[in-house]
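Work through the following exercises with the sequence and the model side by side, and try each task before reading its solution.

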Amino acid sequence: MKIVTHKDLCVNFENAGICKGDTVLIHSAMTPIGNVEGGAESVANALIDTVGEEGTVVAPAFCFAKETEKEPV
């Protein structure tokens with residue numbers, strides 16, 4: 001299986017239309033990306049490098065484990 005590198009990720013993000021200065025909302029599983037050298041941290045860094053200092057990368061940080069409770073945290 002091919003190892004996906006930081007450079008591969010940046011090229012693929014650019015090919016998907018992500019540009020410097022963009023705001024990107026990411027919510028994804030790692031499995032579809034493949035075997036990424038450096039794991040999730042590498043994906044996050046590649047997105048940050050692709051949008052540059054003038055861009056923004058946003059990722060939700062929540063789970064639905066408590067959503068059915070009367071008073072979820």
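Helices (H or I, at least four residues) and strands (E, at least two) are DSSP runs, numbered from the N terminus. The model is predicted, so local features need pLDDT of at least 70 and side-chain atom pairs count only at pLDDT 80 or more, while totals for chains, interfaces and linings use all residues. Residues are numbered from 1 along each chain as its sequence is written, and side-chain values use heavy atoms, with hydrogens and water left out.

**Exercise 1. The fold along the chain**

Task: Work out how many helices and strands the chain has, and which pattern the chain follows when read along the sequence.

Solution: Counting the elements gives 2 helices and 4 strands. Reading along the sequence then gives the pattern β-α-β-β-α-β. As a next step, take the contacts (heavy atoms within 4.5 Å): among those between residues at least 6 apart in sequence, 77% join residues at least 24 apart. Finally, with buried meaning under 20% relative accessible area, exposed over 50% and partly exposed in between (1.4 Å probe, protein chains only), buried residues make up 21% of the 73 residues in the chain.

**Exercise 2. The largest pocket**

Task: Find which residues line the largest pocket, and which helix gives the largest share of the lining.

Solution: Begin with the term itself: on a 1 Å grid over the protein atoms alone, a cavity is a set of points where a 1.4 Å probe fits but cannot get out, whereas a pocket is an open set with protein on both sides within 12 Å along at least five of seven lines, and lining residues have an atom within 4 Å of a point. The lining of the largest pocket includes Phe13, Ile26, Ser28, Met30, Val43 and Leu47. Helix 2 (residues 39-51) supplies the largest share of that lining, with 4 residues.

**Exercise 3. Two residues and their surroundings**

Task: Decide whether Ser42 is buried or exposed, and state where Met30 is found.

Solution: Ser42 is found in helix 2, and because its relative accessible area is 10%, Ser42 is buried. Leaving aside neighbours within four places in sequence, Ser42 is in contact with His6, Leu9, Val36 and Glu37. Met30, for its part, is found in the loop between strand 2 (23-25) and strand 3 (35-36), and with 31% relative accessibility Met30 counts as partly exposed. Under the exclusion of neighbours within four places, Met30 is in contact with Val36, Gly39, Ala40 and Val43. For Val43, 13 residues from Met30 along the chain, the C-alpha separation from Met30 is 8.8 Å.

**Exercise 4. Pairs of side chains**

Task: State how many salt bridges and how many disulfides the structure holds.

Solution: Side chains of opposite charge can pair when their charged atoms come close. A salt bridge is a side-chain nitrogen of Lys or Arg within 4 Å of a carboxyl oxygen of Asp or Glu, and the structure holds 1. In this salt bridge the side chains of Asp8 and Lys2 meet at 2.7 Å, N to O. Asp8 is partly exposed at 23% relative accessible area, whereas Lys2, at 56%, is exposed. Turning to disulfides (pairs of cysteine sulfur atoms within 2.5 Å), the structure holds 0. Cys10 is buried at 13% relative accessible area, while Cys19 counts as partly exposed at 42%.
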